[in-house]
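User: I have a protein model open and want a quick tour. Can we go through it together?
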Amino acid sequence: MENQPRHESVACKLTTIGAFIATTLVAGIASAQIAAIDTARWDGYLDYAYVYASANADALRTRIDDYGREAGMTLDEYVTVVSTDVRAKPEAVDDALRRRLAIANLLQYLATREPQALDRSVELINEFEEQQGRHQNLYWYHYIHSNRALEKGSGSEFTRHTLQLWLQVVVPLESPYETLQALSLSQSANSGFVSALPYVYENVARIVLIRSQEMGIRRDLDPLSAIVRMLAQGRVGAHPDVIPYEASSKQYLDRIIARLDGPESDAGSLTFTLVLFEAGKYHDHARSLLASEGLSKATIEAIGVSSGAYQTALNLAHTLQGQSAVYARVLRQLGEVWAAKQRLGVDPYVEAPFTIDGAMRVWRELYSVHAEGEWKQVGFRNTGYESYVLSMQTLWQEIQESSLNAADYYLTRSITDPARSDEHIRSAARTYLRYLAFFDQHSTEQAAEFVPDAAYFAAYEAAKGYGDAFLAYAGGQTTATEVDTAVERYLMALGIFPFDRHLWPGYASALERQGRANQYLAKVRPIAESVARSRHVDAWIQAGEPGGPCGDRTSDPAAFGQASR
């Protein structure tokens with residue numbers, strides 16, 4: 001009985017040893033089975049990896065899994081087997097084997113975002129650094145290093161490798177590819193890596209335009225703008241027999257080119273264009289959430305993300321052109337938020353590091369350089385004068401819409417939050433007055449082409465809104481000066497848009513409230529006579545435009561703009 005515990009201990013040790021031996025044998029058998037699997041199928045898949053390497057991570061994982069089932073071994077198993085062979089017989093490793101193993105590790109990284117796999121890929125491909133003329137090896141060398149640069153967050157290194165890829169691979173292959181196309185041999189089995197050129201174009205476009213932004217590169221991309229333009233010129237999307245047009249990035253590329261060459265550029269900066277484009281995507285997502293969920297927590301977070309992205313774009317803007325583009329878009333988002341708050345009757349805090357005053361400052365600076373071609377110096381040299389004018393008109397429109405939406409919100413809050421009614425009314429009044437001061441300063445003959453027609457109707461809305469704030473919404477807590485100003489704003493609104501049928505008696509009531517009813521005819525007669533004599537207004541009325549006797553009044557001011565001027 002005393003020896004029983006010792007016997008049990010011996011039995012336990014024997015059991016443990018047996019289990020270890022069994023596990024080792026199973027592992028050895030499994031390794032032998034993997035090693036016995038033919039890697040030729042994966043060799044073929046990897047030789048044509050340029051076809052699918054730029055797919056998004058989900059699509060790439062699906063393809064890799066499918067290939068694994070077809071090959072009878074997973075990509076991870078392939079890497080294990082070939083890596084073991086390389087370590088066992090390094091002298092037997094040729095370029096093809098080294099390249100395939102480097103590509104396999106790159107695919108592992110792209111599918112899983114595991115940096116160690118990318119490190120192994122770089123280590124393997126570095127053997128090709130000094131090669132000349134082996135385009136397939138050079139392509140993968142620079143492509144792998146470009147991905148490494150993105151992982152490190154180095155825009156300059158990414159740009160350097162992309163430029164070298166273009167110069168050392170794309171440029172030398174273009175002439176032979178054109179020759180093969182002319183002979184209808186571009187897809188021949190003997191055409192070699194030359195036939196990969198359409199895929200090379202596509203991969204370069206995707207890594208520059210899409211993946212660089214996914215990886216957060218926000219600097220040093222401008223030298224690649226020339227490559228982006230060349231990709232759009234008969235390269236990406238130009239080989240539908242190889243890559244179907246709808247499967248290419250041509251449409252995305254065209255949108256980027258339109259931004260580079262349009263008013264939303266920053267003197268042609270590719271970095272700015274890509275960052276602003278990404279900010280627009282965040283804005284679209286926030287707008288979608290706003291429509292479906294209102295001002296939910298997720299919506300507010302999405303708005304904060306897009307605001308941060310717009311701030312990044314503004315920080316990158318080196319010209320007034322770029323600043324104007326950012327402000328136009330961010331004011332659009334601010335207007336959407338004000339409108340949603342009014343519609344939903346809620347008032348959550350929404351972070352927005354931009355102001356209408358800042359947008360007005362940018363507009364004034366743009367206007368200050370309109371004479372003698374100075375506008376070329378603020379970003380519009382390549383996009384032209386029409387782009388300059390359009391930028392100013394677009395920014396003005398967003399200033400007015402955001403102003404009106406904000407003021408409308410405050411007036412609504414003065415009713416739903418009576419305890420703070422006076423505060424909200426005066427916030428609305430200040431917003432209206434700021435726009436009216438801006439309008440008064442720049443609605444001149446000299447600035448006419450830079451001020452959109454809609455500005456006049458917005459001025460009518462602001463003037464009428466100011467009058468309403470103190471004469472219709474205020475609950476008696478108004479000063480004589482505020483009432484006097486409100487009455488004058490009603491008259492201003494009539495002078496701008498005399499077709500508001502409710503404003504005429506409203507103005508009469510306002511005068512009567514002040515004991516000045518006898519002044520009504522003297523005040524309004526000049527307006528009525530100017531309308532009666534105006535050939536522009538008469539033509540506008542006869543055409544049945546909005547607001548005229550033959551048309552319905554809408555908030556679209558463009559048709560009345562010229563007559564108002």
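User: Is E398 buried or exposed?
Analyst: E398 is buried, with a relative accessible area of 13%. Buried means under 20% relative accessible area, exposed means over 50%, and partly exposed is in between (1.4 Å probe, protein chains only). Note that this is a predicted model: local features need pLDDT of at least 70, side-chain atom pairs count only at pLDDT 80 or more, and totals for chains, interfaces and linings use all residues. Residues are numbered from 1 along each chain as its sequence is written, and side-chain values use heavy atoms, with hydrogens and water left out.

User: Which side chain does E398 meet in a salt bridge?
Analyst: The side chain of R332, at 3.1 Å from N to O. A salt bridge is a side-chain nitrogen of Lys or Arg within 4 Å of a carboxyl oxygen of Asp or Glu. E398 sits in helix 16 (residues 385-416) and R332 in helix 14, so the pair ties together parts 66 residues apart in sequence. Helices here (H or I, at least four residues) and strands (E, at least two) are DSSP runs, numbered from the N terminus.

User: What does R434 pair with?
Analyst: R434 forms a salt bridge with D357, and the closest N and O atoms are 3.4 Å apart. R434 lies in helix 17 (residues 421-442) and D357 in helix 15 (residues 356-367), so this pair ties together parts 77 residues apart in sequence. R434 is partly exposed at 26%, and D357 is partly exposed at 44%.

User: How many salt bridges turn up in the whole structure?
Analyst: A search finds 26. E264 and R329 make one of them, at 2.6 Å from N to O. E264 is in the loop between helix 11 (250-261) and helix 12 (270-293), while R329 is in helix 14 (residues 320-344). There is also a network that links D43, D47, R99 and R100.

User: New topic. How many helices and strands are there?
Analyst: The protein chain has 23 helices and zero strands. Buried residues make up 49% of its 565 residues.

User: How many residues are in the largest nonpolar core?
Analyst: It has 86 residues, and W363 is among those with the most contacts inside it. Such a core is a set of buried Ala, Val, Leu, Ile, Met, Phe, Trp, Tyr and Cys residues joined through side-chain atoms within 4.5 Å.

User: What does W363 touch?
Analyst: Not counting residues up to four places away in sequence, its partners include M392, W396 and F438. Contact means heavy atoms within 4.5 Å.
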